[in-house]
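Me: Could you go through this structure with me? I would like to talk about the folds and the pockets.

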Amino acid sequence: MKTLINIKDLHASINGKEILKGLNLEVKPGEIHAIMGPNGAGKSTLASILAGREEYEITEGSVDFDGKDLLELATEDRAREGLFLAFQYPVEIPGVSNVNFLRTALNEIREYNGQEQISAKDFMALVREKSALVELDSKLASRSVNEGFSGGEKKRNEIFQMAMLQPKLAILDETDSGLDIDALRIVANGVNKLKTPENGAIVITHYQRLLDYIVPDFVHVLYDGKIVKSGPKELALELEEKGYDWIKDELEKAH
Amino acid sequence: MSQTLMNTKLDQFRSKLTPSKVKIDQTLLDHADAYLNGREFPTTRDEFWKYTRLTKISNLQINVNASIIQSIPEAAIIHPNAQKIVFENGVYRKDLSDNIHQLSGVQFSDKGNSNFSFQEEVFYALNYKYSTDAITIDIESKTVLKDPIHLILISSGEGSVSMPRIAINADKFSESEIIVSTHNVNSQNCLTNVVIEVDVQENAKLTINKVQNEKSTNFSVFNERVDQALNSCFMLNTLTLNGSWVRNNVRVNVKGQNVETHLLGAYVTNESQHVDNHTLIDHLAPNCQSNELYKGVLDGKSTGVFNGKVFVRKDAQKINAFQSNGNVLLSDDATINSKPELEIYADDVKCSHGSTTGQLDEDAVYYLRTRGLSEKSARHLLVTAFIGDVLEKVEDEHVVKYAESALSERYGWSF
């Protein structure tokens with residue numbers, strides 16, 4: 001079976017400080033992988049590196065994304081190949097309307113993939129359909145990107161964008177942070193409805209709570225720049241109950 | 001007299017100009033003479049000209065050129081239904097202009113004068129003394145103009161100097177829009193020095209849309225003076241789309257109560273362009289509001305100046321004055337000098353001013369790129385959004401379209 005993304009022995013640093021220290025992860029189509037771990041383990045770094053943030057230096061390792069060398073691609077080309085990052089802190093862009101930039105994005109993605117431009121009518125139909133999916137007020141959809149949005153609206157807007165762009169692989173970076181329980185449910189429902197046998201997701205989270213709504217096929221613990229433990233969804237419950245210290249202890253014993 | 005005339009650079013400059021034949025109040029002319037005689041061009045030691053050098057203007061090789069244009073250039077058409085008044089090198093071209101006399105509710109005269117007292121400023125003095133032509137537009141009381149009047153100022157030839165003077169009188173309860181635009185045809189090293197004197201009378205509403213789109217190496221100085229009476233509303237939108245050297249001097253005297261004043265400006269510069277906006281709103285009466293927003297995008301080695309001053313006089317209570325200047329620098333070599341100023345002598349007012357200068361938000365660029373936009377598209381989108389903030393407040397959609405297409409032609413931006 002083919003893999004969507006295959007991360008091998010990834011080492012990365014910023015300002016000379018090594019954050020990722022040999023990370024391995026493989027996601028196949030139809031799978032949802034959860035990455036959990038304590039603060040500072042490198043979870044968000046991993047998300048940023050996969051999306052193409054340029055401040056990080058990759059010192060070792062490789063990332064194969066659906067047959068392409070991901071690390072060789074520019075940020076926008078990663079998106080065009082079907083990678084999507086839902087930001088932990090979505091950026092506010094005054095004056096740029098959501099739908100306006102999404103139309104440009106969609107058309108540039110289509111052009112890259114040799115497809116025709118989307119017609120205005122089809123585009124608006126898509127906006128209506130997808131904004132309903134995440135219960136995002138269509139007025140918000142046409143407002144400036146994230147400007148004046150509440151925390152919950154920003155996260156819903158991320159999932160709305162994901163729905164519009166229909167990526168092969170979505171990385172959700174702490175999408176649950178700052179969400180109340182209703183918003184969490186809406187966001188999770190959106191993600192679940194977008195799941196197909198062909199696409200996959202990496203869900204980065206601190207808390208098990210999100211995983212009640214988005215049920216992962218695998219749970220990984222990221223600690224000190226590496227995946228140190230992987231298991232089925234029950235691992236999340238165990239982490240919730242015991243915290244991360246027992247894993248640290250286990251690791252120390254092993255040494 | 002002839003002795004003093006060769007002493008200063010300004011005298012030398014003036015010796016190449018022809019004193020105006022346009023009728024003007026003798027007192028004004030005497031003031032202008034007295035002001036100019038023996039004077040030097042202002043230098044950067046003068047606060048008013050601190051960031052704008054006049055050396056290039058004082059060194060201009062001035063010529064008097066015959067008119068060459070046969071028709072209004074396509075690029076000068078902004079509004080399809082506007083009544084057009086055309087100037088070439090500051091001279092009124094009646095043959096190319098629409099017949100404004102036929103417009104009901106509008107009195108037009110090509111024998112201008114000035115209702116204003118002398119302004120102690122070199123470009124005003126030069127205009128009074130050497131005006132190439134002067135017109136008066138009178139919007140009669142209660143007239144509501146459906147379509148704007150468009151003043152088209154065209155420079156042609158080498159070293160032409162245009163000094164038109166335009167008087168606009170918006171009479172009581174009138175509503176009108178005037179477009180003023182600058183263009184050029186086969187011209188370089190030309191100077192345009194316009195004086196626009198505006199009287200907005202009680203309950204009148206007037207919008208001036210100023211579109212500066214001169215290419216090549218021309219220089220332009222706009223001097224606007226506006227008096228506003230009780231219950232009037234005045235809006236001036238200054239869109240500087242091109243031009244190697246542009247200076248705008250705007251002065252609004254708010255003399256009556258319940259007055260609204262809106263000054264908007266957008267300037268987009270590149271290469272070695274220089275654009276300077278000086279504005280002054282003088283609140284002399286209580287219960288008024290003024291709103292000022294200027295935004296600029298500067299690239300290449302271009303320089304910009306914003307100096308916006310708001311005076312609130314002692315008896316001008318309950319004033320709501322808002323002023324903001326924002327700039328984005330797209331290159332390391334672009335410069336902006338921004339100086340918002342408030343001088344308040346009343347104690348019950350609400351005033352704010354602010355200035356921001358920065359680069360494009362790199363986090364926003366990255367965010368857009370993660371959605372599949374190329375870096376170029378992402379930057380264009382952010383720049384157009386920044387300037388669009390001003391353009392969207394301009395009510396005349398033809399002016400907005402013109403500005404957008406000029407910018408998209410020049411920079412490849414799409415709005």
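This is a predicted model: local features need pLDDT of at least 70, side-chain atom pairs count only at pLDDT 80 or more; totals for chains, interfaces and linings use all residues.

Me: Okay, in what order do the six strands of the open sheet in chain A come?

Reply: The order is 6-9-10-3-11-12 in chain A, and the pairing within this open sheet of six strands is mixed. Its edge strands are strand 6 (83–86) and strand 12 (226–231) of chain A, each of which pairs on one side only. From one strand to the next the twist averages 20 degrees.

Me: In which sense do strand 6 and strand 9 of chain A pair, parallel or antiparallel?

Reply: Strand 6 of chain A pairs with strand 9 (residues 169–173) of chain A in the parallel sense, over four bridges. Within that pair, A:Leu85 stands opposite A:Ile171.

Me: And which strands does helix 9 of chain A lie across?

Reply: Helix 9 (residues 234–242) of chain A lies across strand 3 (32–36), strand 11 (218–223) and strand 12 of chain A, and it runs at about 45 degrees to strand 11 of chain A.

Me: Switching to pockets: how much space lies in the largest pocket?

Reply: About 940 Å³ lies in the largest pocket. The lining has 38 residues, and the closest to the pocket centre are A:Gly95, A:Val96, B:Leu381, B:Thr384 and B:Ala385.

Me: Which elements supply at least two residues each to that lining of the largest pocket?

Reply: From chain A these are strand 7 (93–97) and helix 3 (98–112), and from chain B they are helix 6 (375–391) and helix 7 (397–411). The largest share, eleven residues, comes from helix 6 of chain B. By class, the lining of the largest pocket has 14 nonpolar, 14 polar and ten charged residues.

Me: What about the second largest pocket, which residues are closest to its centre?

Reply: Of the 24 residues that line the second largest pocket, B:Thr18, B:Val64, B:Val91, B:Thr132 and B:Val161 are the closest to its centre. The space in this second largest pocket is about 460 Å³, and its lining divides into ten nonpolar, nine polar and five charged residues.

Me: Last topic: how many helices and strands does chain B have?

Reply: Chain B has seven helices and 20 strands, and its C-alpha atoms fill a box of roughly 70 × 50 × 45 Å along the principal axes.

Me: What radius of gyration does chain B have, next to a compact globule?

Reply: Chain B has a radius of gyration of 21 Å, which agrees with the value near 22 Å that a compact globule of 415 residues would have.

Technical notes:
Residues are numbered from 1 along each chain as its sequence is written. Chains are lettered from A and ligands numbered from 1 in the order in which they are written. Side-chain values use heavy atoms; hydrogens and water are left out. Two strands pair if DSSP finds at least two bridges between them. Axes are lines fitted to C-alpha atoms, for helices over the stretch in contact, and angles run from 0 to 180 degrees between N-to-C directions. Contact means heavy atoms within 4.5 Å. On a 1 Å grid over the protein atoms alone, a cavity is a set of points where a 1.4 Å probe fits but cannot get out, and a pocket is an open set with protein on both sides within 12 Å along at least five of seven lines; lining residues have an atom within 4 Å of a point. Grid points are joined across faces, edges and corners, and a volume is the space filled by probe spheres set on the points. Ala, Val, Leu, Ile, Met, Phe, Trp, Tyr, Cys and Pro count as nonpolar, Asp, Glu, Lys and Arg as charged, and the others, Gly among them, as polar. The radius of gyration is taken over C-alpha atoms; the globule rule is 2.2 Å times the number of residues to the power 0.38.
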